Amino acid sequence: MRSANATILLATLALLPVVSCGAAPRTLYVDDDGPANFNNIQAAIDDSSDGDTIIVKPGTYTGDGNRDIDFLGKAVTVRSTEPNDLSVVAATVIDCNASEEDRHRGFIFDSNEGPDSVLDGLTIKNGYAPEVKVRSYRYSFGGGILCRGASPVISNCIIKDNKAGRRGGGILSFEDAEPQIINCTITGNTGGGIFNDRGKITKCTVTENGSFGIASMYGEVIDCVVTHNKGVGLDCSWFIQPTVRGCIISHNQDGGVQCFDSGGYLFNCIISGNRSSESGGGIKAVGEINSLVIENCVIVGNTSEGPGGAIVCGTELGDGPLIRGTIIAHNRNTAVAESGGYGGSRGDPHIQSCLFYDNAGGDFYDYDTDTTSTGAEQINAFERASANIDGDPCFASLGYWDPNGTPDDPNDDFWVDGDYQLRSQAGRWEPGSKSWVKDHVTSPCIDAGDPTAPIGLERFPNGGVVNIGAYGGTAEASKSYYGEPVCGTPVAGDINGDCRVDSSDLAILVSHWLEEHETDAAVACPRVSKDMRPAFVFVEGPVRGGALFVADFDGHLVQREQVTSSKSLQVTQLDDAVFLVTATEGSNEGKVYVFDFTRGIGKLLTRSTRIHCLRSEPARGKAMLVESVPETSQVRLYELDLVSLKMALSHTLAYEYFGGIVETQISPDFSRLAYPNMKDFTPIGTEEDVPLGQWTKYELKAVDLSTLNIDTLDEDVDVQISPISSIGWGTPPLEWVNNDEVVYQHMIPCEPNEDCKPYLEAQYVFKKVNVGTKQVMRLFEGRLPLTLGGGFLKCNPLNGELVYDNKWVLDIEGGALTPKDLPFSVVRDYSAGQTTVSFGEQVLYSGEQRCIDTCISADHKNFAYLLRTRPDTSEVAIYVKVKGIGEPLKVGEGSYWPTRPVGWIE
């Protein structure tokens with residue numbers, strides 16, 4: 001029966017005029033001194049609708065309405081009359097006319113704008129960033145353009161002479177912002193050129209800025225020129241990993257690239273002419289952990305006052321960077337006699353298939369032993385160095401050191417760049433004429449790269465091995481020469497281009513025989529035999545990445561097979577033998593697989609590395625996966641069938657950035673989500689205005705997936721971040737104990753006193769809330785050692801046992817927190833430096849090595865543990881104790897973090 005209100009509503013709608021849907025996009029014009037629709041840009045945006053184009057005519061725009069211009073979340077284009085004409089761009093000026101007392105910026109994107117919000121072909125200058133509140137702090141960020149949680153397209157713009165008090169004088173993107181910055185010039189800005197969160201910077205020139213050129217977190221920097229900045233050219237410090245490809249990073253005054261406690265990927269880059277008053281003129285990669293990958297680059301003509309004019313590395317935990325296929329030549333240091341090439345200490349780098357040449361003071365300096373090495377023979381004697389060569393790389397034109405009018409004073413010399421293409425008698429690409437030219441010599445770098453690396457786009461003829469240097473693996477790579485004229489017409493089977501099909505071609509074919517190339521269909525997966533169970537799945541490898549392995553046992557180790565490898569692997573066990581694997585290769589690059597080891601089948605699910613498992617219910621044969629999609633402000637939930645390995649979209653939700661909705665838990669019946677929603681944080685102490693830690697305030701929320709209604713369950717949830725991590729936010733652990741009740745952790749800060757160490761311990765409160773009634777019950781309250789991020793809660797569906805941080809059992813009715821009764825024990829005697837690992841009555845290990853991770857099978861019969869092999873390194877080994885085997889077996893080794901236990905197959 002229709003209600004009265006519904007009848008009234010329908011009658012009202014019938015009286016409304018009919019409006020045509022899908023109105024055609026409009027073109028609006030802005031001119032401050034001529035005939036147009038509007039005389040200021042903000043008024044045009046205010047009047048616009050999604051799909052409209054706003055054309056700004058040449059002129060200088062200033063004052064209200066022409067600064068602090070807010071896109072308001074609209075999918076519109078604001079552009080000059082000819083965005084591809086530099087003279088028009090230079091003549092279409094947004095002059096913020098700002099000062100320290102009267103602060104304004106050019107444009108603001110902070111309403112979830114996406115790639116349909118476009119700024120194209122304008123000049124933005126003289127901005128001075130107002131302060132913006134980030135949690136409990138106020139910062140001056142983004143003098144020219146501010147992108148906060150937004151992902152617009154910014155193209156063909158000139159951003160110059162803007163200021164910011166801290167970061168991003170030209171452009172700042174933060175809070176998961178993913179702007180696309182294309183073909184822009186960012187110059188003369190104070191506070192750095194671009195601070196980039198997760199966006200993509202392509203074909204931009206970043207020059208003569210007051211501090212750094214680009215500071216990139218997890219984004220991409222492609223085909224850019226970063227030059228003559230007063231600070232470091234590219235800063236990728238503090239636990240971040242940008243991908244940088246095809247860039248020229250040159251003549252920056254505080255070093256070319258700096259990576260502190262971080263990583264990242266440098267491919268096909270030229271790093272030249274940079275200076276540093278310390279060490280590492282070209283690249284400085286230091287800190288506790290550093291997983292930088294430098295591949296197919298040219299590092300030339302850099303200088304520093306300390307060792308490592310080209311590169312300096314110092315890593316306390318794990319190996320140093322990977323340097324592969326790179327030319328390191330003509331670098332200097334000015335104040336010491338050690339290496340102008342590479343300088344390193346503590347963590348050892350992997351240096352493979354590189355060329356060293358003419359580095360003043362030597363090619364390689366080891367801080368720890370105070371020794372300098374020169375030449376490939378000495379370098380290859382180093383533990384993790386192999387296949388390196390030396391000699392003149394034969395650049396197309398050689399750069400040189402200009403004495404700057406003072407030949408007796410090398411401190412003021414500067415590097416004049418050359419052309420770093422490699423000479424070849426078979427053909428070298430000449431960019432000016434856009435043609436292939438032949439030289440009278442051939443570079444030793446041709447066909448000298450890593451033989452296991454793909455040759456990429458290298459042209460015929462090639463020797464089946466990638467070239468060393470910045471153009472290796474690209475379409476501009478110099479061609480291979482075999483001492484005879486190059487075959488003008490390719491012959492079938494002639495791989496190397498010598499006009500013959502012979503053993504040389506066969507050798508190239510054999511070297512790539514049966515190489516695995518993944519497809520989007522089924523993926524090869526080792527099968528665990530029923531007769532060989534149990535089996536153990538684990539990851540091993542160096543700090544920067546690892547490989548997934550499965551080991552089979554039958555009274556002894558039967559076989560050990562590799563499943564997949566990547567620069568970063570995240571593995572989750574979904575069922576007895578089903579595992580979800582995220583293999584990340586770079587910023588937002590990678591794949592997600594699912595493997596079933598009992599059936600020996602695998603499947604590529606998606607190329608989005610933002611997917612992870614929310615909950616797996618083996619009894620139902622289902623798992624729920626979640627994917628965050630910031631560019632569309634969505635969270636997507638997928639249901640994975642554990643039998644068919646098929647994934648289907650089940651729900652799409654609104655994305656809450658502070659909510660950390662991807663850190664959520666889902667109820668056992670998949671009907672509700674519970675998640676912590678970040679509200680604010682309070683810093684714990686500061687050191688040079690950097691917080692040592694923080695108390696983060698949350699509220700606990702739940703989503704009903706049938707109605708998508710969101711309820712607030714508790715408004716006062718705290719969690720402390722350990723002082724060793726000052727850049728992230730922890731989330732309070734939570735877990736469903738049934739379909740209606742959630743248990744979660746609430747941490748109360750303790751005031752510093754003799755009885756409390758605020759950085760090391762906290763007052764823990766465990767609560768239970770009924771989602772329907774919103775009744776909150778305190779289960780346990782007491783002081784416990786602080787766990788980074790707050791530990792985790794996990795409910796055993798078989799017995800209802802709720803486990804906290806793998807060490808405690810929480811009684812969800814009585815509230816007691818008791819030590820977990822486990823069949824293994826790990827005892828660490830810190831005074832004696834002694835570790836004892838026991839499994840049942842058997843002592844598996846007793847000695848100085850430290851046990852840092854464990855993994856036990858569901859039936860408590862099989863056990864794996866991870867030992868740090870030496871106390872002063874991150875080198876570890878995985879051992880397993882399998883039923884029926886007397887002594888533990890070593891199954892894997894590598895560096896801590898990538899090398900870790902994952903799960904057992906029963």
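Leaving aside its neighbours within four places in sequence, Asn-252 is in contact with Val-226, Thr-227, His-228, Asn-229, Gly-231, Val-232, Gly-233, Gly-273, Asn-274 and Arg-275. Good morning, colleagues. Please bear in mind that the structure shown above is a predicted model.

Let me first place this residue. Asn-252 lies in the loop that runs between strand β26, residues 248-250, and strand β27, residues 257-260. Is Asn-252 buried or exposed? Its relative accessibility is 0%, and buried means under 20%, so Asn-252 counts as buried.

Two of the residues in that list of contacts deserve a further word. From Asn-252, the side chain reaches the backbone nitrogen of His-228 at a distance of 3.5 Å. With Asn-229, the link is between side chains: a polar contact of 3.0 Å joins that residue to Asn-252.

I now turn to another part of the chain. Here, 4 strands form an open sheet, and their order is β60-β61-β62-β63, with antiparallel pairing. Which strands are at the edges? They are β60, residues 611-617, and β63, residues 647-654, each of which pairs on one side only. From one strand to the next, the twist averages 25°. For those new to the subject, strands of a sheet pair through backbone hydrogen bonds, in either a parallel or an antiparallel manner.

Let us look at one pair within this sheet. Strand β62, residues 634-641, is joined to β63 by 7 bridges, and the two run antiparallel. Across this pair, Arg-636 stands opposite Thr-652, which belongs to β63.

Thank you for your attention.

Notes. Residues are numbered from 1 along each chain as its sequence is written. This is a predicted model: local features need pLDDT of at least 70, side-chain atom pairs count only at pLDDT 80 or more; totals for chains, interfaces and linings use all residues. Side-chain values use heavy atoms; hydrogens and water are left out. Two strands pair if DSSP finds at least two bridges between them. Axes are lines fitted to C-alpha atoms, for helices over the stretch in contact, and angles run from 0 to 180 degrees between N-to-C directions. Buried means under 20% relative accessible area, exposed over 50%, partly exposed in between (1.4 Å probe, protein chains only). A polar contact is a pair of N or O atoms within 3.5 Å; within protein, one must be able to donate a hydrogen and the other to accept it, and residues adjacent in sequence count only if both atoms are side-chain atoms. Contact means heavy atoms within 4.5 Å.
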